[in-house]
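These are my notebook entries on a structure that I was asked to look through. I record what I looked up, entry by entry.

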Amino acid sequence: MWIIKGLRKGVITSDYPKKVSDEELPPSFPLETPKECPFGAVKDGKLDPKKCLNCRLCNVPFGRKLDVDDVRNPLDFKRSLHVFFLDVGTCHACNREVAQLQGPYYDVHRLGIFFTPTPKHADVLLVAGCPTDGMVPVLKEAYELMPEPKRVLVLGACANGSLCRRKVEDFVPVDGYVSGCPPSPVQIIRGLLKMAGRDAE
Amino acid sequence: MKVLSAVFRKNGKFLSVWLDYETGRAELEYTDKLPDRKIAPALISDTSPYITIPPGSNAVPLTFGPAAGGLGQAGAFEILTYGERIVSIRPVYGYKRRGIEERLLNRPIEESVVVLERATGNFSLAYTYALLKAIEENPDEEVWEVRKALLEIERLYNHFNAIHKLAGAASQKVATMHFHALEEDVLRLLSRLTGHRYGFSANRPGEVRILEPKAVERLGKIREEFRSLREELLESKIFIDRLHNTCRLSREDIIELDAVGIAARGSGIARDVRSFDRYYSYKPVTCEEGDALARMMVRLEEIERSFEIIDSVDVKAVRSDPSVKEGLNLGVAEAAHGDVLTLVEVKDGRISWIGLRGASRVNYIAFSRGITGNIFTDFPFGLESFGLNFADADLWQGGVE
């Protein structure tokens with residue numbers, strides 16, 4: 001009976017990166033620079049998207065925006081990518097969004113992106129959360145264990161140094177940032193594709 | 001019956017919160033010593049090991065986590081085992097202690113709420129519900145009706161997630177994916193409704209922000225789909241067998257460990273904040289067996305109830321102007337896994353001290369009791385049936401630790 005149910009449901013998997021539907025667009029993002037931000041996202045009159053919590057307290061126009069990532073040092077990979085996800089102190093929202101990548105709506109396997117349970121098989125270390133005392137050694141060790149070439153992609157405002165005192169780049173070299181609180185699944189896919197040297201759009 | 005709900009450190013003393021789930025009466029008590037209850041050390045994160053290896057035993061201690069692929073989050077369990085049977089187990093708290101709670105002190109309440117939402121993301125609507133309940137004086141009924149509906153929507157996606165995880169543990173791949181999709185459906189609905197996939201910034205002091213009230217109509221389709229999935233799911237004998245008799249908690253265990261939420265209701269004890277919440281008229285769902293299956297059945301029934309509650313509410317943006325209550329106040333809300341509790345002290349319109357206790361802190365101990373004596377393959381069924389997470393358990397208990 002499950003088979004019939006599945007057929008009836010049809011294909012629900014996202015067309016992203018070919019095109020992105022309204023439904024998948026991430027939560028709203030400030031389109032103008034606010035005068036000030038209580039959480040430190042505005043510095044010297046410029047908005048740092050990495051630190052924006054999307055809290056909408058600043059009362060500037062907000063809109064749905066996808067390209068708020070910043071990947072500086074992509075890999076030269078064309079086919080598959082193996083990812084180790086490490087939570088170093090999240091509020092669990094990032095974990096849920098990363099889990100959704102393996103769900104039927106986003107299904108990153110179709111793009112050749114795979115999650116591994118060990119850093120030893122990983123090309124990309126996907127880190128979320130503010131590094132806590134307990135997790136800093138774990139983060140460093142996971143990074144050491146990864147084979148070359150390796151990259152670190154950081155997810156969410158916490159890991160980028162908003163709210164918490166620490167950020168991931170204090171402990172391991174970081175090659176890319178995905179903004180958002182939490183970043184939506186399409187934003188994470190976009191970050192991962194860019195990290196693999198594949199253009200998202 | 002009084003339950004020890006939380007213990008915080010305040011001014012060098014222990015401040016314990018006793019809650020009566022039948023009447024909703026709460027008592028605060030300052031003591032020099034921890035209260036004489038089984039759960040008390042865990043409530044203030046005592047890290048002394050519960051595990052002692054009996055002399056001459058072949059059992060070995062094992063730490064599972066904090067970066068284990070199976071857990072998917074930062075947290076660990078210390079397990080004493082012969083290799084198959086779990087002889088003894090305890091959760092290890094502390095890997096997620098971020099100190100984020102200090103950041104919500106001494107700033108405008110609006111900002112404090114934003115920080116509080118990021119304490120436990122997937123229960124954020126419950127936390128803000130509890131906080132605002134504690135500090136809003138002369139509240140507006142309409143605002144609270146909408147907040148109640150949002151809280152129920154949060155319950156929906158968390159319950160779908162728990163069932164998805166349970167089905168995943170039993171390798172029921174098709175059912176897993178269907179429930180995973182349902183969870184995403186609810187997240188998308190919440191995104192349309194409030195502008196955020198997890199409902200952050202929806203509950204503001206004196207205000208509830210709804211951007212697109214029409215989005216709530218999508219629940220009809222989700223409800224239909226859930227009903228047919230529920231039927232199919234319960235027909236799978238292999239799945240039911242894995243849950244049946246796994247991680248069993250008796251009524252006595254619940255009473256001794258002061259367990260709350262789904263764990264208590266699955267063992268026949270009706271501890272539910274909604275039964276005395278003034279904005280609800282709700283009779284808790286219970287199940288007597290106390291195993292993982294009972295907890296799933298409670299969830300399935302609660303999902304139906306949530307749909308009904310949301311249906312009865314006119315979801316729309318409402319704004320009111322309540323004043324802020326000064327002094328020490330308690331707020332409780334029933335999140336998807338159990339109640340969350342905020343004890344807030346407000347001075348000059350700002351929060352000067354806060355104690356947060358999520359149900360995970362209590363229920364991880366209940367899980368440890370239930371899973372003792374089971375075998376390793378039962379571990380995910382036991383764990384996922386509670387729907388807990390470490391972000392919720394590792395919150396600050398007030399003062400310097």
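**Entry 1: Salt bridges**

I began with B:E225 and A:K9, whose side chains meet in a salt bridge at 2.3 Å, N to O. This pair crosses between chains: B:E225 belongs to helix α6 (residues 219-235) of chain B, and A:K9 to helix α1 (residues 2-9) of chain A. I note here that the model is a predicted one.

I then looked up how accessible the two partners are. B:E225 has a relative accessible area of 19% and is therefore buried, since buried means under 20%. A:K9, with a relative accessible area of 23%, is partly exposed.

How many salt bridges does the rule give over all chains? The count comes to 49. I kept in mind that side chains of opposite charge can pair when their charged atoms come close.

Another of these pairs is A:R72 with A:D70, whose side chains meet in a salt bridge at 2.8 Å, N to O. A:R72 reaches 52% relative accessibility, so this residue counts as exposed, the cut-off being over 50%.

B:R192 counts as buried at 15% relative accessibility, whereas B:E212 counts as partly exposed at 33%.

Finally, I recorded a network of salt bridges in chain B that includes B:E152, B:R155, B:R265 and B:D272. B:R274, B:E302 and B:E334 are linked in this network as well.

**Entry 2: A buried lysine**

I turned to A:K150, which lies in the loop between α3 (136-145) and β9 (151-155) of chain A. This residue is buried yet has no salt bridge. Which side chain of opposite charge is nearest to A:K150? It is that of A:E148, 4.2 Å away; a salt bridge requires a distance within 4 Å.

I next asked what the side chain of A:K150 does reach. One of its polar atoms lies 3.0 Å from the backbone oxygen of A:Y143. The side chain also reaches the backbone oxygen of A:M146, at 3.5 Å. Leaving aside neighbours within four places in sequence, I listed the contacts of A:K150 as A:D123, A:Y143, A:E144 and A:D175.

**Entry 3: Helix α2 of chain B**

Is helix α2 (residues 109-117) of chain B largely enclosed or largely open? I found the helix largely enclosed by the rest of the structure, because eight of its nine residues are buried. Among the buried residues are B:I109, B:E111, B:S112 and B:V113. Their cover includes α3 (124-135), β8 (203-204) and β14 (350-357) of chain B.

**Entry 4: A sheet in chain B**

My last entry concerns an open sheet of three strands in chain B, in the order β1-β2-β3, with antiparallel pairing. The edge strands are β1 (2-10) and β3 (26-31), each of which pairs on one side only. Neighbouring strands of this sheet are turned by 20 degrees against each other on average, direction ignored.

For B:L19, the bridge partner in β3(B) is B:A26.

Conventions
Residues numbered from 1 in each chain as written. Chains lettered and ligands numbered in written order. Predicted model: local features only at pLDDT ≥ 70, side-chain atom pairs only at ≥ 80, totals over all residues. Heavy atoms only, no water. Buried < 20%, exposed > 50% of the residue type's maximum accessible area, 1.4 Å probe, protein only. Helix = DSSP H or I, 4+ residues; strand = E, 2+ residues; numbered from the N terminus. Contact = heavy atoms within 4.5 Å. Pairing = 2+ DSSP bridges. Axes fitted to C-alpha atoms, helices over the stretch in contact; angles between N-to-C directions. Lys, Arg positive; Asp, Glu negative; His and termini not counted. Polar contact = N/O pair within 3.5 Å; in protein donor to acceptor, adjacent residues only side chain to side chain.
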